[in-house]
Amino acid sequence: MDTKNKIMDIPKTMKAWVLGDPNQLTMIEKPVPEPSSAEVLVRIDAIAVCATDLEIIHRGPPAMIQGGLPFNKNFTPGHEYMGTVVKLGPGVDEFEIGDRVAVEIHAGCGRCERCREGMYTACLNYGKNYGNVNKGHRANGFTTDGGFLEYAINNVNTLVHVPDDMSDEEATLIVTAGTAMYGLDVTAGLIAGQSVVVMGPGPIGLMGVGVAKALGASEVILTGTRDNRLEIGKKLGADYTINVTREDVVAKVKEYTNGGAHYVLECSGAPTAVNDAANMLRRGGRICLAAFPSEPVPIDIAALVRNNIYLYGIRGEGKSATHRAASLMSQKRFPAKLIHTHTFPLEEVPTALKYARERIEDAIKVVVKMRKD
Ligand SMILES: [Zn+2]
Ligand SMILES: [Zn+2]
């Protein structure tokens with residue numbers, strides 16, 4: 001293993017973007033970290049910008065560094081990356097130097113009640129990975145250094161192999177598809193032959209369409225406000241799309257599903273989303289909440305009770321869903337790469353964030369790529 005470890009030429013320091021005050025990113029030199037047991041060092045090759053990165057850089061949560069806000073703590077954000085394994089920690093034989101990998105965000109502590117159940121994205125020791133309360137929890141880009149830099153540490157459990165014929169850019173989308181997969185898995189289980197409505201054509205919603213169709217859902221219906229994104233949804237497998245600004249979304253879903261859908265994957269965060277979802281489901285239907293409204297919203301609880309509607313909140317990409325999503329993408333079951341729209345080099349991370357935030361040129365997934373092909 002020692003000889004293997006010498007194959008890759010690893011520098012002592014690396015370029016890294018760090019968060020100062022809110023909205024303030026600076027590129028500095030950081031030491032390249034060392035992998036411990038059950039960890040590897042990943043050379044980052046590409047990273048996608050996520051709406052949650054924008055939230056962290058602007059407001060702080062859900063990032064939590066040393067028990068508090070992530071500002072002025074030498075913290076590097078970014079979490080949807082892929083790369084190449086360049087160094088193995090002691091005892092690691094699950095991966096080899098040179099393996100291309102995509103990542104899950106969360107390595108839970110592995111010792112709490114939730115981690116033991118596979119719910120490591122809801123680890124009870126979230127953020128307890130500093131100083132004398134080191135529980136080994138990592139959520140890169142949230143509680144530990146993320147991917148807007150050159151090298152990152154990952155627990156082996158958070159890594160998934162990327163096939164040779166998948167581009168770096170597409171591989172950054174695996175974790176997004178994994179989040180959609182986790183939502184459908186937890187909420188719905190076997191959806192083959194049943195109808196799924198995806199509300200909101202953001203990256204998770206669009207991947208949700210691809211995953212739902214690949215898993216054999218009968219009708220997959222995508223709702224949203226932007227026609228160009230609904231069109232991409234069709235290419236990813238949506239049987240129907242509904243533009244909520246022009247059409248009665250509840251009536252249309254009932255029409256397309258013979259009286260009401262089985263499941264809703266709510267990815268819009270719209271204030272009316274839960275009530276609309278409850279109304280478009282058949283009795284006994286289930287709603288997966290995968291987006292958050294910015295304010296508390298009123299919900300018609302009586303309608304949920306009367307109709308035996310189940311509500312599920314999901315957090316991230318637990319239960320190895322990312323591995324299963326990667327498998328579907330490797331099998332080319334849906335063209336995930338359609339949601340990648342822009343690419344920038346590491347030096348231009350602020351521009352990449354601006355494109356994502358302001359949706360310049362209809363940006364959906366903006367990817368930062370470390371080196372040219
Ligand atoms: Zn994300
Ligand atoms: Zn845990």
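Me: What is the strand order in the open sheet of six strands, and what pairing is found?
Reply: In this predicted model, the open sheet runs β12-β11-β10-β13-β14-β15, and its pairing is parallel.

Me: What makes β12 and β15 edge strands?
Reply: Each of β12 (240-243) and β15 (310-313) has a single partner strand, so one side of each lacks a neighbour in the sheet. The twist from one strand to the next averages 20 degrees.

Me: Why is G224 called buried?
Reply: The term applies if 20 or more other C-beta atoms lie within 10 Å of a residue's own. G224 has 25 within that distance and is therefore buried. This residue belongs to strand β11 (residues 220-224). Beyond its neighbours within four places in sequence, its contacts include G200, P201, R229 and L230.

Me: Why are α8 and α9 called roughly parallel?
Reply: Angles under 35 degrees count as roughly parallel. Helix α8 (residues 249-256) packs against helix α9 (residues 273-280) at about 30 degrees, with the axes 9 Å apart; the two are therefore roughly parallel to each other.

Me: Which residues of α8 and α9 meet?
Reply: From α8, V249, V250, V253 and K254 meet D276, N279 and M280 of α9. By class, this contact has four nonpolar, one polar and two charged residues.

Technical notes: Residues are numbered from 1 along each chain as its sequence is written. Chains are lettered from A and ligands numbered from 1 in the order in which they are written. This is a predicted model: local features need pLDDT of at least 70, side-chain atom pairs count only at pLDDT 80 or more; totals for chains, interfaces and linings use all residues. Axes are lines fitted to C-alpha atoms, for helices over the stretch in contact, and angles run from 0 to 180 degrees between N-to-C directions. Helices (H or I, at least four residues) and strands (E, at least two) are DSSP runs, numbered from the N terminus. Angles under 35 degrees count as roughly parallel, over 145 as roughly antiparallel, 65 to 115 as roughly perpendicular and the rest as oblique. Two residues are in contact if their C-beta atoms, placed from the backbone, lie within 7 Å. Ala, Val, Leu, Ile, Met, Phe, Trp, Tyr, Cys and Pro count as nonpolar, Asp, Glu, Lys and Arg as charged, and the others, Gly among them, as polar. A residue is buried if 20 or more other C-beta atoms lie within 10 Å of its own, exposed if 12 or fewer, and partly exposed in between; C-beta atoms are placed from the backbone. Two strands pair if DSSP finds at least two bridges between them.
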